[in-house]
Amino acid sequence: MNEPANLDRRTFLKSSAALAGSLVIGFHLPMKGARAAAPSPGAATGGAFAPNAFLRIAPDNTVTVIVKHLEMGQGVYTGLPTLVAEELEVDWSQVRVETAPADVTRYANLAWGGAAQGTGGSTSLANSWEQLRRAGATAREMLIAAAARTWNVDPQGLKAEKGFVIDPRGGRRLSYGELTAKAASLPPPADVKLKAPSQWKLIGQPVPRKDSPEKVNGAALFAVDVKLPGMLTAVVARPPRFGGKVKRFDAEKAKAMPGVKAVVEIPQGVAVVATDFWSAVQARNALVIEWDEAQAFTGGSEALTRRYAELAQQPGAVARKEGDAEGALGSAARRLSATFEFPFLAHAPMEPLSCVVRLSGEACEVWAGSQLQTLDQAIAARIAGLPPERVQIHTLLAGGSFGRHANPTADYIAEGVAVAVATRPLGAPIRLLWTREDDIRGGYYRPLYVHRIAAGLDAAGRPVAWQQRIVGQSILKGTPFEGMMKEGIDPTSVEGAANLPYAIPHLQVELHTVDVGVPVLWWRSVGSTHTAFSTEVMMDMLAHAAGEDPVAFRLQLLDKHPRHAGVLKLAAEKAGWGRPLPKNRGRGVAVHESFHSFVAQVVEVTVKDDGTFSVDRVVCAVDCGVAVNPDVVRAQMESGIVFGLSAALHGAIILRDGIVVQSNFNDYPVLRLDETPRIEVHIVRSEAPPTGVGEPGVPPVAPALANALFAATGKRLTKLPLRLKEA
């Protein structure tokens with residue numbers, strides 16, 4: 001059904017491989033207790049044994065693990081099957097991966113209280129940790145029981161190993177594939193015993209990624225690769241300013257162009273449907289549209305920043321209060337303050353947004369890198385006029401996301417379904433494509449923020465007061481997730497600040513939530529993208545004012561937070577903290593907790609006489625509980641550092657008169673190879689349950705870089721992206 005398409009890309013990759021001789025929102029809700037694997041009868045379909053919703057064993061002894069989360073580069077196609085394989089006792093080469101259908105009754109994200117199926121907030125492995133191990137252990141016990149019945153022996157004397165049940169006493173063995181029919185007839189055990197860490201064979205090992213070979217040889221299927229018989233391609237002309245609407249349009253010229261099949265108005269704009277992408281884009285350019293901008297946002301980034309800075313001078317809603325920060329500031333021996341500015345940021349995943357929709361009278365199918373299957377399904381159903389169970393979501397790989405695929409309006413899927421509805425008479429599946437310019441100029445953004453922090457030291461140089469005011473848009477307000485807000489506080493706006501770990505007796509964090517007509521969304525590591533920067537740069541300022549070493553200064557305030565202290569000490573040790581550096585070089589540090597993981601980073605820089613600088617080295621220490629796959633953990637830290645440096649050095653979406661200035665990677669660049677530093681990652685050994693790694697690598701790198709630049713130059717940067725020449 002999903003016939004490989006985009007043959008030019010495939011052909012190129014395969015040809016390249018042959019020549020070489022060989023070839024992705026932040027979204028987090030409160031963690032609740034894990035529940036057991038969704039019950040499923042031990043049915044055998046086509047001879048396969050499917051003891052629960054997460055695995056299937058075929059007669060040929062292959063094991064298929066059904067993954068409920070989106071693979072967008074973070075490694076869930078490897079980490080989650082590892083949990084099953086570990087308890088099931090199979091060889092890694094036996095394991096296959098299949099994506100789960102949209103089915104919240106069986107595949108809900110347990111970290112979100114089981115309310116929805118989806119991927120985000122670095123929760124994939126954490127919420128599956130016990131669920132999938134139990135799924136594997138249940139199947140193992142059923143297979144052992146099946147072998148015991150076959151041999152008429154006590155199952156206690158049998159063992160499972162590499163996809164076989166073995167009777168050590170007689171040397172007999174049966175493969176799992178040979179036992180499928182009999183195992184399927186047995187009831188699942190009421191409870192199973194999970195392996196002790198000392199018995200793990202796969203967990204903690206760098207087992208090879210399951211998604212790499214297909215991505216290298218071009219066989220991996222993304223939404224843009226889906227090709228259905230008779231499929232047409234759609235692009236949409238959207239209003240140039242957020243909040244604008246179609247007033248009227250002239251499509252005569254566009255309709256007359258080769259390949260064009262239809263031009264239709266949908267709620268988001270005007271869609272052009274053609275036989276191919278190029279024809280659709282050319283026809284879109286020929287449209288004459290008059291926009292109604294009466295309700296459109298016409299402001300700009302500079303004015304917003306000024307407005308936010310003024311608000312930061314005034315008290316806001318209290319997100320955390322300990323002691324009397326205002327009073328302690330008044331009596332402090334020394335007082336420091338700083339204003340921090342953060343621009344809008346785009347997600348800019350490498351894969352442009354796309355989806356394929358096939359609509360019939362009674363059903364709708366959607367192929368997409370769906371990150372919130374439950375929400376995407378519901379929205380598609382509403383637009384198609386169908387009950388949700390009639391909408392089938394085919395979750396494909398996503399070429400990055402960083403939160404972009406997880407938006408409350410399911411924007412690109414909603415557009416695809418809307419176009420399919422509007423062009424129903426054509427009877428054709430619709431492939432909707434956004435260009436990168438469409439997304440950079442008309443997508444969702446990390447909100448623009450301004451922070452103001454005032455802090456006080458006592459006569460001994462100890463922090464005694466901390467008052468932080470944060471100003472920005474709420475990601476949650478007005479969305480289905482608004483229920484997460486308490487007393488007007490969006491927790492994603494203040495996370496990382498409201499839970500500041502340092503022992504400061506008088507501490508207050510306040511929030512001003514402003515309403516601005518710019519669409520905003522969680523961006524990789526969400527609130528910590530700005531709170532880590534303001535708090536860790538401010539801590540550096542306090543350490544400097546106190547005449548203390550930045551690492552030692554932090555450690556004396558982290559007595560009650562050993563995991564923060566642990567990664568901080570490890571990163572400092574591995575970086576050679578305190579070792580002298582040559583002139584014009586500097587070293588900076590930051591530590592931060594996000595998504596229940598703890599990360600410290602030390603950055604080294606070289607500053608040239610002309611004010612330009614290079615990032616030479618980043619040393620990272622991470623405590624994420626059990627490192628299920630150290631290679632994946634390391635890769636996620638590395639990618640988070642590169643992602644964070646891209647924003648720290650280049651990232652800024654600027655609005656002028658309501659128009660986004662940037663358009664593509666030429667003016668919204670990501671870190672290039674020649675800018676990428678040497679990165680070293682050190683993982684804290686732990687037997688604590690695993691936590692997230694997809695996002696926590698991002699927050700510390702920008703403040704560590706700013707602190708390194710201060711160490712090298714004495715210039716304190718409090719505005720992102722970092723511009724040393726402007727300081």
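Axes, in what follows, are lines fitted to C-alpha atoms, for helices over the stretch in contact, and the angles between them run from 0 to 180 degrees between N-to-C directions. The structure described here is a predicted model. By that definition, the axes of helix H2 (residues 76-88) and helix H4 (residues 124-151) come within 6 Å and cross at roughly 35°.

**Helix H2**

- Helix H2 has 13 residues, which at 1.5 Å a residue should span 18 Å; its end C-alpha atoms are 18 Å apart, in agreement with that expectation.
- A bend of about 25° occurs in H2 at Thr 82.
- Because 13 of the 13 residues of H2 are buried, this helix is largely enclosed by the rest of the structure.
- The residue that follows H2 is Glu 89, and its phi is positive, near 65°.

**The contact of H2 with H4**

- The crossing of these two helices, H2 and H4, is right-handed.
- On the H2 side, the residues that meet H4 are Val 76, Gly 79, Leu 80, Leu 83, Val 84, Glu 87 and Leu 88.
- On the H4 side, the residues that meet H2 include Ser 124, Leu 125, Ser 128, Trp 129, Leu 132 and Arg 133, and also Gly 136, Ala 137, Ala 139, Arg 140 and Leu 143.
- By residue type, the contact of H2 with H4 divides into 11 nonpolar, 4 polar and 3 charged residues.
- An α-helix has 3.6 residues a turn, so residues three or four places apart point the same way.

- Ser 301 belongs to helix H9 (residues 301-311).
- With a relative accessibility of 8%, Ser 301 counts as buried, because the cut-off for a buried residue is under 20%.
- Setting aside neighbours within four places in sequence, Ser 301 is in contact with Phe 344, Leu 448, Ile 653, Ile 654 and Leu 655.
- Met 637 is part of helix H18 (residues 630-649) and is buried, at 0% relative accessibility.
- Met 637 and Val 622 are 15 residues apart in sequence, and their C-alpha atoms are 8.1 Å apart in space.

- Gly 588 is located in strand S25 (residues 585-594) and is buried, its relative accessible area being 2%.
- The C-alpha atoms of Gly 588 and Ala 702 are separated by 9.9 Å, although these residues are 114 residues apart along the chain.
- Beyond its neighbours within four places in sequence, Gly 588 is in contact with Trp 577, Gln 601, Val 602, Val 603, Ala 704, Asn 707 and Ala 708.
- Phe 595 lies in the loop between S25 and strand S26 (597-607).
- Phe 595 is not a glycine, yet its phi is positive, about 55°; this residue is buried, with a relative accessible area of 9%.

**Further backbone details**

- Ser 525 is placed in the loop between strand S24 (506-513) and helix H15 (528-546).
- The phi of Ser 525 is near 85°, a positive value in a residue other than glycine, and Ser 525 is buried, with a relative accessible area of 0%.
- Leu 720 and Pro 721 are joined by a cis peptide bond, with omega about -5°.
- Pro 721 is found in the segment after helix H19 (701-713).

How values were computed
Residues numbered from 1 in each chain as written. Predicted model: local features only at pLDDT ≥ 70, side-chain atom pairs only at ≥ 80, totals over all residues. Heavy atoms only, no water. Helix = DSSP H or I, 4+ residues; strand = E, 2+ residues; numbered from the N terminus. Buried < 20%, exposed > 50% of the residue type's maximum accessible area, 1.4 Å probe, protein only. Contact = heavy atoms within 4.5 Å. Expected span 1.5 Å × (residues − 1). Bend = angle between axes of the 7 residues up to and from the residue. Left-handed = near helix turned anticlockwise from the far one by under 90°. Nonpolar A, V, L, I, M, F, W, Y, C, P; charged D, E, K, R; others polar.
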